[in-house]
Amino acid sequence: MPEINHIIPVYKPVGPATFDIIRIFKKKTNYQGKIGHGGSLDPFACGVVLLLLGKATQRFEEISSWQKVYIAGARLGATSTTGDVVGEIKTDPSKNHSQIGRHLLENTIKNFIGEIEQKVPIYSAAKFQGTPMYKLARNGIEIEKTKKVKVYNIEFIYLKYPLLTLKITCAGGVYIRQLIQDIADKIGEKAFLYFLERCQVGEFTKENCISIDNFDKITIQ
């Protein structure tokens with residue numbers, strides 16, 4: 001069982017926020033020490049979240065930069081105000097999408113492998129002059145900001161219009177919902193992220209994870 005100062009891989013289900021997972025962990029284990037996480041997941045997403053106990057919290061910057069693997073489900077032919085399923089969604093039924101096929105998409109995603117300049121989504125926790133951008137966006141202030149990120153591989157999994165599934169391997173800091181929108185823009189489409197599973201962080205896979213239902217079985221020494 002994990003001891004203090006350890007990294008505990010947890011499988012976060014759809015629904016709770018990452019900080020909810022921490023709250024549940026503390027309640028079920030009665031853990032009173034320092035605790036953090038190695039990178040959050042939005043409530044609509046599921047997958048690997050690393051809880052950092054004790055001195056492991058000092059490794060946040062290192063851990064948050066570890067390689068990550070995602071399964072991303074995109075809904076083509078529609079937009080969302082937040083870039084994901086929780087936003088206001090609009091479709092364009094008048095557009096002809098018959099030209100969208102696997103060959104076009106496979107050739108397009110090659111442009112997004114490597115070090116790329118990525119737009120920071122306006123609905124993100126990234127800060128502008130000390131204020132989270134999502135708070136500014138909610139007040140009608142949209143800030144344009146970019147950063148360099150690394151994408152190691154994008155694997156085509158499935159396409160049956162309007163649904164597209166990709167497997168993405170990347171460094172920490174990549175905005176998957178923005179990547180989905182950028183790929184769609186490249187082929188003259190619109191898209192939003194309707195499903196996201198983080199399958200791996202560093203050496204920790206979803207098969208290594210503990211369920212939140214089993215938190216009460218953990219003994220911390």
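Helices (H or I, at least four residues) and strands (E, at least two) are DSSP runs, numbered from the N terminus. This is a predicted model, where local features need pLDDT of at least 70 and side-chain atom pairs count only at pLDDT 80 or more, while totals for chains, interfaces and linings use all residues. Residues are numbered from 1 along each chain as its sequence is written, and side-chain values use heavy atoms, with hydrogens and water left out.

**View 1. Strand β1 and its partners.** Here we're looking at β1, residues 7-12, and five of its six residues are buried (under 20% relative accessible area; exposed is over 50%, partly exposed is in between, with a 1.4 Å probe and protein chains only). Strands count as paired if DSSP finds at least two bridges between them. With β3 (residues 46-53), β1 has six bridges and runs antiparallel; I7 sits opposite L52 of β3. With β14 (residues 210-211), there are two bridges and the run is parallel; this time Y11 faces S211. As a reminder, side chains in a regular strand alternate between the two faces of the sheet.

View 2. K12 belongs to strand β1. The K12 side chain does reach two backbone oxygens: that of A45 at 2.8 Å and that of D42 at 3.4 Å. Both are listed as polar contacts, meaning N or O pairs within 3.5 Å; within protein, one atom must be able to donate a hydrogen and the other to accept it, and residues adjacent in sequence count only if both atoms are side-chain atoms.

**View 3. A nonpolar surface patch.** V85, V86, I89, I157, Y158, L163, Y194 and F195 together make a patch of about 640 Å². Areas come from the Shrake-Rupley method with a 1.4 Å probe, and for residues only the protein chains shown count as cover. Patch members have over 30% relative accessible area and no salt bridge; nonpolar side chains (Val, Leu, Ile, Met, Phe, Trp, Tyr) are joined within 5 Å, like charges within 9 Å. Strands β10 (146-160) and β12 (191-201) each supply at least two of the residues. L163 lies in β11, residues 163-170, and is partly exposed because its relative accessible area is 33%.

View 4. The Y161 to P162 peptide bond is cis, with omega near 15°, and P162 is in the loop between β10 and β11. N30 has a positive phi of about 60° without being a glycine. N30 is in the loop between α1 (18-29) and β2 (35-37), and counts as exposed because its relative accessibility is 56%.

View 5. E155 is in strand β10, and its relative accessible area of 36% is why it counts as partly exposed. E106 is in helix α3, residues 102-109, and is also partly exposed, at 28%. Where do the C-alpha atoms of E106 and E155 stand, given 49 residues between them along the chain? They are separated by 8.3 Å. K110 and E155 are 45 residues apart in sequence, with 9.6 Å from C-alpha to C-alpha.

Conventions
Salt bridge = Lys/Arg side-chain N within 4 Å of Asp/Glu carboxyl O.
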